Amino acid sequence: MSLWKPTRRELVASAPLALALTASPRRLFASPTSSLTFFVIGDWGRRGNLPQQEVARLMAARFGESGSQFVVSTGDNFYNLGVTSTEDSHWQRSFERVYSAELRKRWYALLGNHDYGGSIGAQIKMTDLDRGWRMCRRWWDERLADWPEIHLFFIDTVVWRGVEDFPYKWLGSSIPAGDQAVQAEWLDRSLRASNARFKLVFGHHPIYSIGPHGGMMQLKELDDILRGGKATAYINGHDHCLYYIEKAGIHYVCSGAGSNLLREYSGDPAVSGCVIKGFCSSPALENADLPYWRFYEEDVGGFAAFSVRGSALELVFHRVGKEASTPFLLAA
């Protein structure tokens, strides 16, 4: 079984799916600092249009100030239909000409639903061209060399949700049968085996959402795996806004405001912090662990910053034209 099937626009060389199952966690890079900061951005690749340039400039300014080491993309890297090859002009117009060389030096990307409209093989292949782009496989994990307390897991949620309809299925990449079970088994085993203090899982689609893409749990199997493996946080995009939801000990963070901005909120404005309209006032759920939002920002470009300082993990949201949010302590 291959990692992907060729698109109709380009035949992409396949690679064994076993690599995603048997490869040991990759090591990132050494760092002379005693703390770790990295940025997370999602839903960005629009050839520099909309607020993409403004968010990129804010990232570049904050990157040097904070001593950040790398960037993670939560998917939808290239709108609307991904890339056709490693030579597609999208790479220059949406990535290399928009983000500073410092930001692009270590850029870890995963796949979103729009990326499946093109060649996902091309995005994976770009990793080998030594241009800062890192998408090792469709799902993989990274254990940080100088920060053993943190373990990063990158997953492909399109495997759970399915490929979009026309023209995605006609033009783009498909999902081999059985991949959902394969990825679920790998993630469950890998999370349980990890002894890291902070286990961060990155995917594109939300599990809980303040926006129109959720508000109800859409990925129950994934959520069960996170809880069984004692994940610290799940970080996603897909919603074109910024929010932080907490439920029963797991932190759900959305950073999807990299370019196109929407007014997303669909929760209950009468109940402070309630994610789903009517959810918090339901008598049947009176004593249940409910998802509450701690932060929400719509209609503004921005990104999330995570910092490991000693034994603490902090989250800060940076927004175009606004001050940075108050830091949130996710774990200590």
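The model is predicted, with local features requiring pLDDT of at least 70 and side-chain atom pairs pLDDT 80 or more, while totals for chains, interfaces and linings use all residues. Residues are numbered from 1 along each chain as its sequence is written, and side-chain values use heavy atoms, leaving out hydrogens and water.

**Exercise 1.** Determine which residues of H2 are buried and how they are arranged about its axis.

*Solution.* 
Step 1. Helices are DSSP runs of H or I with at least four residues, strands are runs of E with at least two, and both are numbered from the N terminus. H2 has 15 residues and reaches 21 Å from its first C-alpha to its last, close to the 21 Å expected at 1.5 Å a residue (the expected span is 1.5 Å times one less than the number of residues).
Step 2. Buried means under 20% relative accessible area, exposed over 50%, and partly exposed in between, with a 1.4 Å probe and protein chains only. In H2, Gln52, Val55, Ala56, Leu58, Met59 and Phe63 are buried.
Step 3. Seen down the axis, these residues fall within an arc of 165 degrees, so they line one face of H2 (the arc is that of the directions from the helix axis to the C-beta atoms).
Step 4. Exposed Arg57, Gly64 and Glu65 sit on the face of H2 turned away from the buried side.

**Exercise 2.** Describe the sheet on which H2 packs.

*Solution.* 
Step 1. The sheet is open, with seven strands in the order E5-E4-E3-E2-E13-E14-E15 and mixed pairing (strands pair if DSSP finds at least two bridges between them).
Step 2. Its edge strands, E5 (133-134) and E15 (328-331), each pair on one side only.
Step 3. E2 (residues 36-41) pairs with E13 (residues 302-309) in the antiparallel sense over five bridges; Val40 has Ala304 in E13 as its bridge partner.
Step 4. H2 (residues 52-66) touches E2, E3, E4, E13 and E14, and its direction makes about 175 degrees with that of E2 (axes are lines fitted to C-alpha atoms, for helices over the stretch in contact, and angles run from 0 to 180 degrees between N-to-C directions).

Terms used: Contact means heavy atoms within 4.5 Å.
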